[in-house]
Every structure is written in C-alpha cells, then in structure tokens.
Amino acid sequence: MKRWLSIILFAAVLLVPGFVLPRFDVKAVTASVAVKPEVLFELELGSFNFPISNTLFTSWIVMLMLVLFAFAATRKMSLVPGGWQNVLEVIIEAIYKLCENTAGAVRAKKFFPVVATIFLFVLVSNWLGLIPGFGPIGIIPVDAKHPAPEGIATFPLSRDLQEFFGPKHADHHEYVLAPFVRSPSTDLNMTIGLALIAMVLTQIFGMQALGVVKYWFARFIMIGKFVEFFKTLGKGKPKFGLFVFGLLDLFVGILEFISEVSKILSFTFRLFGNIFAGEVVLLVMAFLFFAAPFIFYAFELFVGFIQAFVFALLTLIFMTIATTAHGAEEHH
Amino acid sequence: MELTDAGLRLLAAALAIGLGTIGPGIGIGVLVNAALNAMGRNPEASGQLQINMFIGIAFTEALGIFALVFALLIGFKII
C-alpha cells in the first residue's frame, strides 16, 4: 500500500511540469548544450568570490545522499543484516572482494577506501544526472558581469512568473535557460579533480611501498645499466651493449613519466566524455521521436555503471602496479 | 554554394568524430571477439575475463572519447 502511494506520488511529481507549467507563460527556448558549468551564485569570502556552479551544487547533493545512506544503514546495525544495512553490505563486500582479488589481502585494506569512495561517488553522480528534471529545469540571470554564453538566447522573466515568484524577483533581468542541478560528471573540473586524486595517491602509495628513491629510480630514472657500463669501463673491459641498453632504459623511463601524466588526461576525458555525450544523445533523441530516449536511457544507465566501475578498477590496478617492485634487479 | 567558417567548423567536427571512431570501433570488436572466444573455451574463467575485457575496452574507448572531446571543442568554438 505504501509502495503504491509512493509510486503515484512520484508519477504526480513527474506530471507537474507537463500540466502546471503551461499555465504560466513560459517561453520555449531552444535547447542548448554547454560544456562549461553555469554559475548559480557566488560565495563572498573576503575579497575573493567563490563561484558555486550547478555541478558543484549537485556534487554536494551526491555527498549528502551518500552520507545519509551510510547513516541510515549503520544506525541500527545487527549481526543478521536487514534493510539498508543489507544493501550496503552487499555493495561493500563486492568492492572489497574485487580489491582483494586484484591487490592481495594486505594492500586491499589500504586501497579499498579510495577505490570504494571513487566508485560510489562517480556512480551516484552518473545516475543522478539521468533523473528527469536534471538538465531541463532552471533559469539563471545574466548581467554585465556574467554574460550569457555566445549563441544562447536570453529572455526576460514573463509576467506570470514574476507574479508567481513575488515582488522580490519582479526585476527586469535577462535570463538564460540553464539547469539548477547538473550531473557533476559532466563538468571537467570534477573529473580532473578525481583523476588528480587517484593518480597522486597512486604515486604516494608507490613511494610508501618501495621507498621514494627506489620508486623513482626503478620507474622513471632507470640508470642501472649505465652504472654497470661504467663499472665495466673502470675494469678496462667496457661492454658497449650495456651502454645502448642504458640509453634505451633512459628513454623508457621518460616514456613512463609521460604515460603517468597522460593517465590523468585519459581518466578525465573518459568519464567526462562518456557522461556528457550520453546526455547530449538523450537530448537529441528527445527531439527526434518522443519514445526514442527510452532505449538510450537504459543504455546510459549501463554506461554510468561501467564508467564508475572502470574508474575505480583502473585506480586499483594503477595502485597495484605502482606498489609492486619491478623485479628487474633480481633476475640477473 | 560557398564555404563559410561555421560550415567548415561543422565539417571539421563531423570528420573528427567520424574518422576518430573507426579505430576504437575495430579495436573493441577485436577485443570482445577474443574475450568471447576465451569465455567460450573456458567458462569458469569468465568472471576475471570480463573484468579484463572491460579494462581493455576502457583503454580502447578512451581514444574514441578523445575524438569526441575534440569534436566538441571544435563544434563549440573553443579551439
């Protein structure tokens, strides 16, 4: 009974935009796609204005949801799990098993918090952007300080809406159509932040496990063969093959360094590109045929999960590789 | 018909994404083919194989995503 009530309520909420909004004189504005997140308002911290964009605002919502979920699940813990605790235990156990299988029991304890946090945060923010109402609803005022993006139509607030919002908003601002809430994954700032956290932590874990000097000399500055060459030179019997391999090793070290940097870029653009493109595809499909988005909606649910999984799993694998000693020295 | 700046931009964006997805498309095809073959031969290992397949797909697909990002950058007049 309770379930039916909530389903009906949810359906009613979804119907509101269709039945209530046409009563107001809401302008139909051409749909637009913006890469840059829109600034909702600015927090004034002394002389520095801290812009709060809609994606940042939504990432707070994501955090709040995760914290509330964790709180609800751990409030009344019992040995035989039930309800929310059961759900959370299934998720946590699955992620922990993955960590143990990939990194081994000892390192899994260290990597698990990072990997699980990344997975849950990315998953919730990917799926949150698919909720109807994320994207189409919202207007943001533009003025001289925050001009409208190029090629995007501005419009005044209609009289009905001005009366609806009350005298406080009865101004003559121009507005642009921009969502109040937008998935954090469609913001490059968020994805590059996550990628930096993942890769910097990977380097730190690597240095902790192998020692700073050994880590750098084993991965990036590989001069072991050069040292051997000069040893043979000192003995008077230089092996020039070692010199050539030393040069190769130096080059490989530089390549390794570049690949570490490019991992950040690839993390960033993979998540951003997938989720942003997904939302654009949904938008385009909605203009083609009213039922067309359904198929892509299911696909985007799948993509959202896979991207969260891939982000977490790649972090885990890079951390495992970074903390594993190369073993090239032992093979002589 | 004349070639305008906006039209050339559209053409460039379409070429970037169109040509850029050929390689990843072939790559993901080869990858999934091999993974499915392996799963057919050894169904017990399909769990680990699936994880590895998804990692490989993620790496391959990243190239396509780069093409998409460049297409978006060109299309939105950022570069």
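This report walks through the helices, the nonpolar core and the chain contact of the structure above.

The model is a predicted one, in which local features need pLDDT of at least 70 and side-chain atom pairs count only at pLDDT 80 or more, while totals for chains, interfaces and linings use all residues. Residues are numbered from 1 along each chain as its sequence is written, and chains are lettered from A and ligands numbered from 1 in the order in which they are written.

## Chain A at a glance

Let's start with the secondary structure. Chain A has 10 helices and five strands. Here helices (H or I, at least four residues) and strands (E, at least two) are DSSP runs, numbered from the N terminus.

How many of the 332 residues of chain A count as buried? The share is 23%. A residue is buried if 20 or more other C-beta atoms lie within 10 Å of its own, exposed if 12 or fewer, and partly exposed in between, with C-beta atoms placed from the backbone.

Two residues are in contact if their C-beta atoms, placed from the backbone, lie within 7 Å. Take the contacts in chain A between residues at least 6 apart in sequence: 70% of them join residues at least 24 apart.

## The nonpolar core

A nonpolar core is a set of buried Ala, Val, Leu, Ile, Met, Phe, Trp, Tyr and Cys residues joined through C-beta atoms within 7 Å. The largest one here holds 48 residues, and A:Ile118, A:Phe119 and A:Phe311 have the most contacts inside it. Two or more residues each come from H3 (84-103), H4 (105-128), H6 (188-210), H9 (240-288) and H10 (292-323) of chain A, and also from H3 (46-75) of chain B. The top contributor to this core is H4(A), with 11 residues.

A:Phe119 is worth a look in the viewer. Leaving aside neighbours within four places in sequence, A:Phe119 is in contact with A:Ile95, A:Ala308, A:Phe309 and A:Ala312. As general background, nonpolar side chains tend to be buried together in soluble globular proteins.

## How helices pack

Two packed helices are described by the angle between their axes and the distance between the axes. Axes are lines fitted to C-alpha atoms, for helices over the stretch in contact, and angles run from 0 to 180 degrees between N-to-C directions.

| Helix pair | Angle | Axis distance |
|---|---|---|
| H9(A) and H3(B) | roughly 70° | within 9 Å |
| H6(A) and H7(A) | about 110° | 6 Å |
| H3(A) and H4(A) | about 130° | 8 Å |

Angles under 35 degrees count as roughly parallel, over 145 as roughly antiparallel, 65 to 115 as roughly perpendicular and the rest as oblique. H9(A) and H3(B) are therefore roughly perpendicular to each other, and so are H6(A) and H7(A), whereas H3(A) and H4(A) are oblique. A crossing is left-handed if the near helix is turned anticlockwise from the far one by less than a right angle, and right-handed if clockwise. H9(A) and H3(B) cross in the left-handed sense, while the crossing of H3(A) and H4(A) is right-handed.

By class, the contact has 12 nonpolar, no polar and two charged residues. In this count Ala, Val, Leu, Ile, Met, Phe, Trp, Tyr, Cys and Pro are nonpolar, Asp, Glu, Lys and Arg are charged, and the others, Gly among them, are polar.

## Where the chains meet

Chain B has 11 residues in contact with 13 residues of chain A. Which classes make up the side of chain B that touches chain A? That side has 11 nonpolar, no polar and no charged residues.

Is A:Asn126 buried or exposed? This residue lies in helix H4 of chain A and counts as buried, because 27 C-beta neighbours lie inside 10 Å. Not counting residues up to four places away in sequence, A:Asn126 touches A:Ser183, A:Ser185, A:Ile275, A:Gly304, A:Gln307 and A:Ala308. A:Ser183 is 57 residues away in sequence, yet the C-alpha atoms of A:Asn126 and A:Ser183 are 6.4 Å apart.

A:Val280, in helix H9 of chain A, is partly exposed, with 14 other C-beta atoms within 10 Å.
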